[in-house]
Amino acid sequence: GIEIKEGSVGVYTIGNYVSLPSPATKDSYIYMAPSDKLTLTYSGSTSGNATGIYYDNDLGQTIITPINVHLNVATANHTGIIAGIVAKDNIPGGTGSIINSGNITTDTGGVYGIVAGDVDVFNSGSIDVGVLGGKGGTGIFSTRAGVSTDGSLIAVNGNNAIGIYAVNEDNTTPVLPSLISDRVISVTGTGTMNINDKNSVGVYVKDNGSGFLTLNNSTNLILNSNIINATDRVIGLVLENSQGNSNNNQNTGNIKVNNYNVGIYLNDSNIINNSTFDLTNSLSGIGIFATNAISNRKIELQGSTFNITTSGTLNSDIPIGVYVSGNNYNINGGTGTIYNVGPNGIGNFLNGDSSSKTVGDFTYSLSSDTNNVAIGAYYLNGTFGDSGTVTLNSTGTLGDSPIGLFYGANSTQNKSDIIVNGSNELIGIYGKELNFSNLGDINLNTKSIGSY
């Protein structure tokens, strides 16, 4: 192995390949066989940075690297960046790429697998740069670059870990989308990305509002089942200031949301979702949380299913399918937008002004027990159902009847049509002490209450 200190690089190359399979010649290239492993141990200062293999790719070439890299940090309380592979182009939004098939591992955690600046990343190697129960790492960190990988190859182990972190901003070079091509963060595969330990994220995309970075995720996500309070929660996908390009951000991966976790976190961002959120037996889990929208943002849910149950009976235990906090968000339903909600669960929860609303068709299957009821959609402070048809089915009524649409404080209107089905009692619309107008039709096909 190689011992490195702050500012050190194990292998440095300019231009093309640091490694090629035979018949590459050692006279032309720095050559390592694909089966070789580069082992590096950092022993410098607590704030120092170091790199295993550095590719200077100003020529915009395609870099092929099948080398296995193993990283360890011997310095206690280290806070700097130790990276297995770094590939950079000094031209913003450069045309080069790196194809990695090597495995990147660690015994100590707290390291980065691949760091790419203006160089697109195509990964087929296993990246595990955190320690389960210990210090987390970042699998792939990219700036102004696309990423393509099978999500199951990225292990999100350790506390404060991030599987893939893609940003379109730094402190030096702003990006103008008219000058360079958009980039896609593509996380694919039929496997599963497991997000373990505490305060970790599977995929984090941070744009600057330009639509330069777009997420396309089809990998299934399982969020840590051992979280015991909200301060330790893990998140599957984070989109920050990311509206996506013309194709928008998309998720088709199923997400298992265990206690206190969040499946997708939207900060002034859009998403098109067509998948299943499993919040069964979840305490205070949230499928999609959306906040801080500066202008109109959309959560498109056609084809999405939310399965929501909990063993908890307190308000703090309530799991929620989609939670909108603030203004300017539309939750758009459509064919196949289905919420199966058990007692003490909520399908959609909106707290903002009239610029936040549900739009389109939703189906809520609701039940109650002797302690709690299910609520299809809960509106506060002016949020409302704006259009479409809400179909309500009561799958079991013990005690109080489940509620389709609950209009809380400062609610003023409902425009959604309501159809109530099933053989159990159910309340279509519930509100109390409101100056309220219902502009939608209510059709009762069972023994239920249209509005209360």
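Author: Strand β10 contributes the most to the lining of the largest pocket, namely four residues. (A strand is a DSSP run of E at least two residues long, numbered from the N terminus.) The model is predicted, so local features are taken at pLDDT of at least 70 and side-chain atom pairs at pLDDT 80 or more, whereas totals for chains, interfaces and linings use all residues. Residues are numbered from 1 along each chain as its sequence is written, and side-chain values use heavy atoms, without hydrogens or water.

The largest pocket has a volume of about 400 Å³. On a 1 Å grid over the protein atoms alone, a pocket is an open set of points with protein on both sides within 12 Å along at least five of seven lines, a cavity is a set where a 1.4 Å probe fits but cannot get out, and lining residues have an atom within 4 Å of a point. Points join across faces, edges and corners, and volume is the space filled by probe spheres set on them.

In the largest pocket, 23 residues form the lining, and Y54, I81, V86, K88 and V115 lie nearest the centre. Two or more lining residues come from each of β2 (8–14), β4 (50–56), β7 (82–88), β10 (112–117) and β13. By type, the lining of the largest pocket has eleven nonpolar, eight polar and four charged residues. (Ala, Val, Leu, Ile, Met, Phe, Trp, Tyr, Cys and Pro count as nonpolar, Asp, Glu, Lys and Arg as charged, the others, including Gly, as polar.)

The second largest pocket has a volume of about 330 Å³. V373, I375, Y378, I403 and F406 are the closest to its centre among its 19 lining residues. Here the elements that give two or more residues are β31 (320–325), β34 (346–351), β37 (375–380), β40 (403–407) and β43 (427–431). This second lining holds 13 nonpolar residues, five polar and one charged.

There is one cavity of 30 Å³ or more, and the largest cavity has a volume of about 30 Å³. Its lining consists of V129, G130, G137, T138, G139, A155, V156, N157, A161, I162 and G163. Strands β13 (138–143) and β16 (162–167) each give two or more of these residues. Five of the cavity's lining residues are nonpolar, six polar and none charged.

Turning to the sheet, ten strands make an open, parallel one in the order β18-β21-β24-β27-β30-β33-β36-β39-β42-β45. Strands β18 (192–195) and β45 (442–444) are at the edges with a single partner each, so one side of each has no neighbour in the sheet. (Two strands pair if DSSP finds at least two bridges between them.) β36 (residues 362–367) pairs with β39 (residues 389–396) over six bridges; L366 stands opposite S394, and S367 has G396 as its bridge partner. On to β42 (residues 417–421), β39 runs parallel and is joined by five bridges, with V390 partnered by I418.

As for confidence, the chain averages a pLDDT of 88, and 89% of the residues score at least 70. (pLDDT is the predictor's confidence in each residue, from 0 to 100.) Residues 17–32 fall below 50, with 33 contacts beyond near neighbours in sequence. (Contact means heavy atoms within 4.5 Å.) Residues 171–179 also stay under 50, with nine contacts beyond four places in sequence.
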